[in-house]
Amino acid sequence: MKKQFFACAISMAFAASAMAQVTVSESWARATVPAAKASGAFMQLQSAQDARLVGVETTVANAELHQMSMENNVMKMSEVNGIDLPAGKTVELKPGSYHVMLMQLKRQLKEGDTVPLKLTFEKKDKKRETVEVQVPVKPINYSPPARAHAGH
C-alpha cells in the first residue's frame, strides 16, 4: 500500500511539473504620469520545452505583444503574433526589444502597484497553458540590473 501511494505521489508530481512548463521571473511594469495612456511590462520567461508566448490579457489596459527593432537607423515598434521560447533558454522581454505593450490604460500605474497579467503559451502539440502573474510597478526611471549571461 505504501509503495502504491508513493508511486502515485511521484506520478502526480511529474504530471504537475509537466503542466507547469513555463516560469516567469523578474517581472516589472513601468510607472506612468497621470495622463499617460501607455506603458510596458517586462520579464524573463523560461520553458522546459519549446513553446511560444501567443497572448496576453490584463484588466488595466489593452495588452499586446510587441517588438522594437531598428530599420534604416529608425527605431520601430510593432505588434507580433508570438514570441518563441526555446526549451531551457531564458527569453527576456525588456525595453527596446520584445515586451508587453499596455495601451489605453484605465488608470495611472503608480510605483508599488501591481498589474495582473494572464500570459498564454502554446506548446508544439498546440496545447495551451495560461500563467497568471502579478507584475510589480517600478518607478518611471527604473532600469533593471544588468545580467551577465541573460539568454544563455
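Trp28 and Phe42 are both buried, where buried means under 20% relative accessible area, exposed means over 50%, and partly exposed is in between, with a 1.4 Å probe and protein chains only. I start with these two residues and then work outwards.

Before that, the basis. This is a predicted model, in which local features need pLDDT of at least 70 and side-chain atom pairs count only at pLDDT 80 or more, while totals for chains, interfaces and linings use all residues. Residues are numbered from 1 along each chain as its sequence is written, and side-chain values use heavy atoms, with hydrogens and water left out.

Back to the rings. The structure has two aromatic pairs. Rings of Phe, Tyr and Trp, the last by its six-membered ring, pair if their centres lie within 6.5 Å; planes under 30 degrees apart count as stacked, over 60 as edge-to-face, and the rest as tilted. Trp28 is in strand S1, residues 22-30, and Phe42 is in strand S2, residues 38-47, 14 residues apart.

What is the geometry of Trp28 with Tyr142? Their ring centres are 4.7 Å apart and their planes are at 70°, so the pair is edge-to-face. Tyr142 is in the segment after strand S10 (128-138), so the pair with Trp28 in S1 ties together parts that are 114 residues apart in sequence. Trp28 counts as buried because its relative accessibility is 4%. Tyr142, at 24%, counts as partly exposed. Through these ring pairs, Trp28, Phe42 and Tyr142 form a cluster.

The charged end of Lys138 sits over the Tyr142 ring, 5.4 Å from its centre; the criterion is NZ of Lys or CZ of Arg within 6 Å of the ring centre and within 35 degrees of the ring normal.

Now the chain as a whole. How many helices and strands does the chain have? There are one helix and ten strands, taken as DSSP runs numbered from the N terminus, with helices being H or I of at least four residues and strands being E of at least two. The order along the sequence is α-β-β-β-β-β-β-β-β-β-β. Of the 152 residues, 34% count as buried. Contact here means heavy atoms within 4.5 Å. Among contacts with a separation of 6 or more, 68% are between residues 24 or more positions apart.

Next, the core. A nonpolar core is a set of buried Ala, Val, Leu, Ile, Met, Phe, Trp, Tyr and Cys residues joined through side-chain atoms within 4.5 Å. The largest one has 29 residues, and Val100, Leu102, Val115, Leu117 and Leu119 touch the most other members. Not counting residues up to four places away in sequence, Val100 touches several residues, including Met43, Val56, Leu65 and Leu93.

Ser97 is in the loop between strand S7 (90-93) and S8. With a relative accessible area of 19%, Ser97 is buried. Beyond its neighbours within four places in sequence, Ser97 is in contact with His66, Gln67 and Met68.

Last, two backbone points. Asn73 is not a glycine, yet its phi is positive, near 60°. Asn73 sits in the loop between strand S4 (62-71) and strand S5 (74-79), and it is exposed at 75% relative accessibility. Gln104 also is not a glycine, and its phi is about 50°. Gln104 is in the loop between strand S8 (99-103) and strand S9 (114-123), and it is exposed at 56%.
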